[in-house]
Amino acid sequence: MKTLEQRILQEGKAINRDVLKVDMFLNHQVDVKLMYEIGAEFKRLFEDKGITRVVTIEASGIAPAAMTALQMDLPLVILKKSHSVILSTGTIQTEVYSFTKQSTYNLTLNSAYIKTGDRVLLIDDFLANGEAALGASRLIEQAGAKVAGIGIVICKSFQPGLKKLREMGYAVEPLANIAEMDKDFVRFVKE
Ligand code: 5GP
């Protein structure tokens with residue numbers, strides 16, 4: 001998605017070879033018009049997949065996922081990051097390791113919000129090692145639903161997540177796909 005790539009080049013900051021900061025339009029301040037365009041692009045990419053529900057992970061996935069749900073006229077479910085292992089009735093959990101935060105959290109879902117037979121479009125802001133997307137997919141499948149597509153705003157394909165998820169058979173679509181980056185440059189994968 002050209003407008004997204006331009007924003008990354010103009011405003012993004014690679015703080016090293018692994019971590020990109022996009023706090024000015026995606027992770028802290030949010031450009032809602034850009035999120036609306038992102039939602040329209042995910043709709044275009046996934047509208048033939050029979051999606052019944054959009055699912056994301058709090059917190060940075062919420063803005064692009066909400067706009068996707070709005071564009072597709074579908075319900076949105078937010079998976080919660082919890083540090084507690086005390087579960088209330090109907091709640092399911094899976095452990096996820098975050099390389100960026102170097103810590104573990106429990107991804108949590110009240111299974112009332114995802115039904116058996118649902119076809120889920122999973123949306124997240126970044127794909128790096130794939131741990132968050134894999135954890136979310138485990139929960140969605142545990143709830144009896146199918147992950148019919150995974151929409152990623154920014155993928156760093158020099159990290160293993162994209163390859164891992166595609167090898168497992170998931171239909172993953174990144175809107176911006178970074179081949180390589182460092183302090184003063186970002187290079188995208190050529191389509
Ligand atoms: P993964 O589980 O694929 O390694 O990482 C995915 C999660 O880590 C995303 O949901 C995102 O919150 C965070 N993340 C991974 N890489 C980056 C990055 O370069 N920049 C930012 N801002 N977040 C990242």
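Let me start with L20, which, leaving aside residues up to four places away in sequence, touches I8, G12, K13, A14, F126, I154, I178, M181 and V186. Please keep in mind throughout that this is a predicted model. L20 belongs to the largest nonpolar core, a set of 30 residues, and it is listed there among those with the most contacts inside the core, together with L4, I8, I38 and I154. Two or more residues of this core come from each of α1 (2-11), α2 (23-27), α3, α4, β7, β8, β9 (172-182) and β10, and α3 gives the most, with 5 residues. There is also a second, separate core of 28 residues, and L79, V96, I150 and L162 are included in that one. As general background, nonpolar side chains in soluble globular proteins tend to be buried together.

Now to the sheet. It is an open sheet of 8 strands, in the order β5-β6-β4-β3-β7-β8-β9-β10, and its pairing is mixed. At the edges we find β5 (91-98) and β10 (185-188), each of which pairs on one side only, and the average twist from one strand to the next is 30°. Across β3 (53-57), β4 (76-82), β7 (119-127) and β8 (146-156) lies helix α4, residues 62-72, which runs at about 175° to β3.

The loops around these elements hold a few backbone details that I would like to point out. In the loop between β3 and α4 we find A59, and the peptide bond that joins E58 and A59 is cis, with omega at about 0°.

Let me turn to the rings, where the structure holds 2 aromatic pairs. In one of them, F42 and F46, the ring centres are 6.4 Å apart and the planes stand at 40°, so the pair is tilted. Why are F42 and F46 separated by about one helical turn? Because they are 4 residues apart in helix α3, which covers residues 32-46. F42 is buried, with a relative accessible area of 0%, and F46 also counts as buried, at 1% relative accessibility.

The other pair is Y97 and F99, with centres 5.0 Å apart and planes at 85°, so this pair is edge-to-face. Y97 is partly exposed, its relative accessible area being 32%, and F99 is partly exposed too, at 41%.

Key
Residues numbered from 1 in each chain as written. Predicted model: local features only at pLDDT ≥ 70, side-chain atom pairs only at ≥ 80, totals over all residues. Heavy atoms only, no water. Pairing = 2+ DSSP bridges. Axes fitted to C-alpha atoms, helices over the stretch in contact; angles between N-to-C directions. Contact = heavy atoms within 4.5 Å. Phe/Tyr/Trp six-rings, centres within 6.5 Å; stacked < 30°, edge-to-face > 60°. Buried < 20%, exposed > 50% of the residue type's maximum accessible area, 1.4 Å probe, protein only. Core = buried A, V, L, I, M, F, W, Y, C linked by side-chain atoms within 4.5 Å.
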